[in-house]
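Please read them with the sequence and the structure open beside you.

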Amino acid sequence: MIRIIKNSDIPKVLDLWLKASIQAHSFVSSEYWQQMQSSVKENYLPYAHTFVFEDKHQIKGFISILDDRHIGALFVSPKFQGKKIGQKLLKTAQRRYPLLSLNVFTKNQRALEFYQKNGFKIISEQQEPSTKETELYMCWGMGCKSGFCKRYQGDS
């Protein structure tokens, strides 16, 4: 079942985030992710719309949306990956938000392929300041084959 996060879920979501971040981003030191955990709790989760995938009273994944359009996090517990949980969470967001963007590290090939398979297109490339790793900015738009919608007059 996918539902909105509750305050009582936060410790489980933070634990899942840490384990999945370390696994997915082996090219960044685990100490970096451990140091970021309190920032995620205090500066990120309170401002995001977060949905959790819960099965048998266990949170197996979550997605967080910032500013009604940016996917700040999509993580599935390492032991439950490959079971379409990430895709279900992403589809939930795509039904609720007509335009989505995200950043993904180029070295996270599995995530990059996942987002491309689900209609996201690469818009730009930049260096993430705190890790110095290259990341891609990607977008998806509801009903747009290109993955990017015109949003303002004069956009191409």
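**Notes on strands and pockets**

1. E54 stands opposite I59 in β3, and β2 and β3 pair in the antiparallel sense over seven bridges; two strands count as paired if DSSP finds at least two bridges between them. The two strands form a hairpin with two residues between them, and K56 in the turn has a positive phi of about 55°. Helices (H or I, at least four residues) and strands (E, at least two) are DSSP runs, numbered from the N terminus.

2. Please keep in mind that this is a predicted model, in which local features need pLDDT of at least 70 and side-chain atom pairs count only at pLDDT 80 or more, while totals for chains, interfaces and linings use all residues. Residues are numbered from 1 along each chain as its sequence is written, and side-chain values use heavy atoms, with hydrogens and water left out.

3. Strand β1 (residues 2-4) also pairs with β2 in the antiparallel sense, over three bridges, and R3 stands opposite V52 in β2. Strand β2 (residues 49-55) is largely enclosed by the rest of the structure, because five of its seven residues are buried, where buried means under 20% relative accessible area (1.4 Å probe, protein chains only).

4. The largest pocket holds about 1,200 Å³ of space and is lined by 44 residues, of which H25, L74, F75, N108 and Y115 lie nearest its centre. A pocket here is an open set of points on a 1 Å grid over the protein atoms alone, where a 1.4 Å probe fits, with protein on both sides within 12 Å along at least five of seven lines; lining residues have an atom within 4 Å of a point. A volume is the space filled by probe spheres set on the points.

5. H25, in the loop between α1 and α2, is buried, with a relative accessible area of 7%. Its side chain reaches the backbone oxygen of S21 at 2.9 Å. Leaving aside residues up to four places away in sequence, H25 touches W33, F75, F105 and N108, contact meaning heavy atoms within 4.5 Å.

6. The second largest pocket holds about 200 Å³ of space, and the residues that line it include K12, H57, S77 and F80. The elements that give two or more residues to this lining are α1 and β3 (58-66), with the largest share, four residues, coming from α1.

How values were computed: Buried means under 20% relative accessible area, exposed over 50%, partly exposed in between (1.4 Å probe, protein chains only). A polar contact is a pair of N or O atoms within 3.5 Å; within protein, one must be able to donate a hydrogen and the other to accept it, and residues adjacent in sequence count only if both atoms are side-chain atoms.
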